[in-house]
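Student: I would like to learn how to read a structure one feature at a time. Please take me through it.

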Amino acid sequence: MKKHVLLAAMAFAMSAHVVTAQPEKSAAVATPPAPAKPADSAKSAAKPAGKSATPAIRGDMKPIAAQTQAALWASRVLGRYHYSPVPLDDAMSAKIFDKYFEGLDGEKLYFVQADLDGFGALRTKMDDAINNEDLSAPFSIYNLYQKRFGERMAYARGLLKGTFDFASEETMQLDREKASWAKSEDEIQDLWRKRVKNDWLRLKLAGKDDKSIRETLDKRYENYVNRIGKLNNEDVFQMFMNAYATAIEPHTNYLGPRSADNFDIAMRLSLEGIGCVLQSRDDYTVIREVVPGSPAEKSGKLKVGDRIVGVAQGNAPFTDVLGWRLDDVVALVRGEKGTTVRLDVIPGDGGVDAKHVSVSMVRNKISMEEQAAKKSIIKVKENGVERRIGVIALPTFYQDFEGRRKGEKDFRSATRDVERILVELKKDKVDNVLIDLRNNGGGSLTEAVELTGLFIDKGPVVMQRTAEGRVEVESDVKAGLAWDGPMGVLINRGSASASEIFAAAIQDYGRGLVIGEPSFGKGTVQTLIDLDRFAPGEKARYGELKMTIAQFFRINGGTTQLRGVTPDIKLPVMTDLDSFGESSYDNALPWVAIKPATYMPAGDLKELVAPLQQRHEARIAKDKDFQFLQEDIAEVLKLRKENVISLNETVRRKERDTQDARSKLREARLGGTSVTPDEPASGPGSKEKRAEAPDPTKAKKTVVAVRGAPRQDDGLQADERNLQSELAAEKAAKDAKDVMLQEAANILADEVEMLKTDARMASRVMPYMVVVTPAGGAASASVK
């Protein structure tokens with residue numbers, strides 16, 4: 001069986017054409033440094049910033065030879081092996097041109113129309129840039145972007161010297177993705193005036209005085225310049241290549257060498273390092289979390305809030321990392337298991353002049369348990385009867401591909417972890433099992449197939465169709481079920497790819513109820529191709545190409561492409577479906593159907609759906625928690641639709657007071673607070689993302705509904721808040737009542753009650769079930 005990774009944003013396949021590959025990192029947990037760059041890279045690539053708080057924006061970024069060669073090889077692979085190949089010609093060049101500007105300035109806040117007109121001659125030259133191994137054109141566009149960025153930030157900081165009229169009836173557009181480019185400097189300066197005014201008003205409403213507001217915003221805008229000054233030619237090249245890749249199809253991407261190096265970490269859920277989650281705050285690399293059982297914890301010398309200002313390998317001298325970009329620091333801290341790393345640390349509870357502490361540690365293997373499958377049990381009581389619902393939260397379909405290839409006995413995989421948890425849940429005598437796949441963007445196709453096999457006997461799980469039209473069926477070949485009792489799958493719009501394969505197979509087999517909102521709608525398979533194979537020497541690194549090579553289909557012949565998985569029991573939609581999901585892409589592949597696979601459904605749950613939906617709707621009509629949730633959803637969707645926010649202090653204060661009053665009503669009931677997304681701010685977000693241009697005002701695509709009471713807007717960004725209070729708020733949000741999960745458990749408890757009180761119905765809808773025991777556990781005739 002081929003091994004493919006399917007992710008909403010990135011995917012992997014092991015085939016004859018690819019080596020074991022790797023997903024882009026999202027957190028800075030210390031692991032092995034990237035291999036050395038070639039000699040010309042060392043000369044041209046931007047070096048980590050020194051102690052300067054605000055590095056000058058260079059505006060002279062240039063490509064290196066390895067990048068021009070990588071672009072050429074990538075174009076050859078894409079043109080020959082992509083599922084839906086598109087010629088690299090003038091027509092494609094125009095699409096690349098538009099995608100590149102969209103990636104750099106999606107909110108149209110830096111460039112003006114004259115800038116685009118000035119580059120008009122390049123609109124049909126992007127193909128030539130790749131074919132002729134001359135990337136000066138896309139790099140010249142980026143250099144102007146950097147220049148414009150610096151100009152906008154200088155203007156924003158200049159506005160802080162004056163004052164604003166908050167009595168005027170003025171509004172600000174929140175999302176400018178579909179807006180036109182500013183026609184003049186006056187127009188774009190007015191856009192920035194409104195954004196700075198909004199930033200100021202948010203802090204003013206939070207009780208800050210003018211002096212504090214000026215200091216906060218001036219530092220914020222300075223940090224924006226600082227962050228963009230840390231981007232290097234690898235970042236620029238990756239942005240350009242992604243413009244090319246996504247112009248072909250949404251899920252085709254280019255991964256630069258360092259991004260590619262981190263894919264494997266995310267898939268195997270382990271790394272070699274010291275076990276610290278790091279974060280950038282001003283010029284410092286700050287410890288945000290210490291992983292239990294890691295070398296960092298065992299040292300007893302590192303604590304949350306400590307600032308790393310130097311890193312040394314073994315007995316070598318310290319390298320000063322003050323002002324460095326986060327992934328450069330992480331690359332020094334990471335390293336091979338058994339090697340020694342020393343950190344020069346300023347204790348978090350001391351000032352900048354506090355005495356430094358030197359901490360020496362031996363690197364070890366670190367497990368990323370936060371992304372692993374976890375269990376919980378929800379007890380539902382009704383009419384004096386308690387039902388126990390076992391919940392397995394699965395954030396991703398992970399697998400240690402290299403460990404499996406080597407035949408390691410204990411290689412990590414989602415299926416192995418879930419199977420172990422199912423054994424535990426049987427001992428816990430649960431009545432029903434819920435697989436929580438919310439916001440699970442996918443992972444290994446092999447894991448999706450094998451995980452499905454825990455709940456069916458044997459049979460096909462998913463079909464793939466190649467560009468040549470060849471259809472392959474991926475099947476569960478292992479007899480027996482790990483769990484033969486009733487089950488359900490909880491999905492939302494963030495459930496994609498492998499999540500959709502699993503949910504669709506469970507639905508097609510009639511094996512369990514799918515609960516939630518329509519899923520993402522990604523029905524394509526990607527393979528990750530290592531471009532280093534084309535490099536002339538061992539030191540040259542070309543990165544990796546993630547490329548769509550097939551479509552996958554449900555065993556009923558349909559596909560999740562565009563339409564996603566439609567749940568059996570529908571919960572309130574928490575997402576703007578028009579702006580988030582496969583259907584939001586203008587070049588997504590169409591929905592098609594093929595001949596169904598030959599399979600035997602395990603059950604037929606249609607008889608249960610209508611009465612369960614009715615019970616659900618009757619219950620939430622009386623549930624205050626759900627009413628609060630639906631109010632939040634409606635409010636956010638309304639704001640998105642209107643796409644404007646008032647800059648009048650009286651209006652905003654009234655809106656704030658209304659929000660505060662609503663929040664106070666919930667706090668006692670829901671028992672926790674929740675972190676809500678900050679209002680769009682006038683600069684890049686607090687997290688440093690590789691190869692991603694700052695996107696200051698772009699609203700989040702997903703509407704994240706509150707689990708607890710919304711936290712009052714303090715006008716600050718995450719890295720401007722006190723770290724300890726920020727972590728406390730996040731913990732409170734995590735511990736708060738999950739309304740959707742609770743309701744999904746209620747639905748499965750209703751199902752258990754229906755099955756136990758109507759044996760004939762149980763035999764019709766779930767004929768495979770041997771017996772449901774009085775103790776509440778599902779007996780299993782055969783266990784694999």
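**Reading the features**

Tutor: S14 and strand S15 (residues 385-393) run antiparallel and are joined by nine bridges. Helices (H or I, at least four residues) and strands (E, at least two) are DSSP runs, numbered from the N terminus, and two strands pair if DSSP finds at least two bridges between them. This is a predicted model, in which local features need pLDDT of at least 70 and side-chain atom pairs count only at pLDDT 80 or more, while totals for chains, interfaces and linings use all residues. Residues are numbered from 1 along each chain as its sequence is written, and side-chain values use heavy atoms, with hydrogens and water left out.

Student: Which residue of S15 is the bridge partner of Val380?

Tutor: Arg387 is the bridge partner of Val380.

Student: In what order do the strands of the open sheet lie?

Tutor: Strands of a sheet pair through backbone hydrogen bonds, either parallel or antiparallel. Here six strands form an open sheet in the order S14-S15-S16-S20-S21-S24, with mixed pairing. Strand S14 (374-382) and S24 are the edge strands, and each pairs on one side only.

Student: How many residues lie between the strands in the hairpin of S18 and S19?

Tutor: Four residues lie between them, and in this hairpin Gly469 takes a positive phi near 90°. Strand S18 (residues 459-466) pairs with strand S19 (residues 471-476) in the antiparallel sense, over six bridges. Val471 in S19 is the bridge partner of Arg465.

Student: Where is Ser497, a residue with positive phi?

Tutor: Ser497 sits in the loop between strand S20 (487-491) and helix H17 (498-508). Its phi is near 55°, a positive value in a residue other than glycine. Leu562 is another non-glycine residue with a positive phi, near 70°, and lies in the loop between S23 and strand S24 (569-570).

Student: Is Ser497 buried or exposed?

Tutor: Buried means under 20% relative accessible area, exposed over 50%, and partly exposed in between (1.4 Å probe, protein chains only). Ser497 counts as buried because its relative accessibility is 0%. Leu562 has a relative accessible area of 27%, so this residue is partly exposed.

Student: Why does the distance between the ends of helix H19 agree with its number of residues?

Tutor: The expected span of a helix is 1.5 Å times one less than its number of residues. H19 (residues 624-642) has 19 residues and should therefore span 27 Å, and its end C-alpha atoms are 27 Å apart. Buried residues in H19 are Asp625, Phe626, Phe628, Leu629, Asp632 and Ile633. They cover an arc of only 160° around the axis, which puts them on the same side of H19; the arc is that of the directions from the helix axis to the C-beta atoms.

Student: What is found at the start of H19 and just after it?

Tutor: At the start, a side-chain oxygen of Asp623 comes to within 2.8 Å of the backbone nitrogen of Asp625. Just after H19, Asn643 has a positive phi of about 60°.

Student: How many residues has the largest nonpolar core?

Tutor: In soluble globular proteins, nonpolar side chains tend to be buried together. A nonpolar core is a set of buried Ala, Val, Leu, Ile, Met, Phe, Trp, Tyr and Cys residues joined through side-chain atoms within 4.5 Å. The largest one has 74 residues, and those with the most contacts inside it include Ile96, Phe111 and Tyr244. H6 gives the largest share of this core, 10 residues. Apart from it lies another core, of 48 residues, among them Ile392, Leu422, Phe455 and Val462.

Student: Which side chain makes a polar contact with that of Gln399?

Tutor: A polar contact is a pair of N or O atoms within 3.5 Å; within protein, one must be able to donate a hydrogen and the other to accept it, and residues adjacent in sequence count only if both atoms are side-chain atoms. The side chains of Gln399 and Glu447 are joined by a polar contact of 2.6 Å. Gln399 lies in the loop between S15 and helix H14 (401-405) and counts as buried, at 0% relative accessibility.
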